[in-house]
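Please look over the model shown here before reading the points that follow.

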Amino acid sequence: MKKDTFLLCITTFITASFITMLISSCVTYMALTDTGLFWHVWPRNWMYAVIIAFPAILVIKPIAIKVGLKITGWFLSLIHI
C-alpha cells in the first residue's frame with residue numbers, strides 16, 4: 001500500500017471514529033428514557049456508526065472536493081467581476 005493511500009485510510013478512520021463518537025453519544029443519550037442504560041447501548045451504536053461512516057467518507061470525500069472546488073471557483077469569479 002502506498003503511503004498516500006495509507007494516510008488517506010488512517011485519517012479517514014480517525015475522522016469517522018471521532019465524529020461518530022460525538023454524534024452517536026448525543027443521539028443515544030437523547031433517545032434513552034433510562035439514561036442508566038447509556039453504557040450498554042452506546043458502544044454498539046458507535047460501532048455501527050463507524051462501520052457506516054468510514055466507507056461513506058472514503059466515497060464522498062473526492063466528490064465533495066470536486067463540488068467544493070467548483071463552488072469556490074464560481075464564487076471567486078463573482079467577486080472578481
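1. Helix α1 covers residues 3-31, and at 1.5 Å a residue its 29 residues should span 42 Å. The end C-alpha atoms of α1 are 41 Å apart, which agrees. The expected span is 1.5 Å times one less than the number of residues; helices are DSSP runs of H or I with at least four residues, numbered from the N terminus.

2. This is a predicted model, where local features need pLDDT of at least 70, side-chain atom pairs count only at pLDDT 80 or more, and totals for chains, interfaces and linings use all residues. Residues are numbered from 1 along each chain as its sequence is written, and side-chain values use heavy atoms, with hydrogens and water left out.

3. Which residues of α1 are buried? They are T12, A16, S17, T20, S24, S25 and T28, and the buried residues of α1 pack against α2. Buried means under 20% relative accessible area, exposed over 50%, and partly exposed in between (1.4 Å probe, protein chains only). An α-helix has 3.6 residues a turn, so residues three or four places apart point the same way.

4. W42 lies in helix α2, residues 38-79, and is buried at 8% relative accessible area. Beyond its neighbours within four places in sequence, W42 is in contact (heavy atoms within 4.5 Å) with M21, S24, S25 and T28.

5. C9 is partly exposed at 24% relative accessibility, and C26 is partly exposed with a relative accessible area of 40%.

Technical notes. Helices (H or I, at least four residues) and strands (E, at least two) are DSSP runs, numbered from the N terminus.
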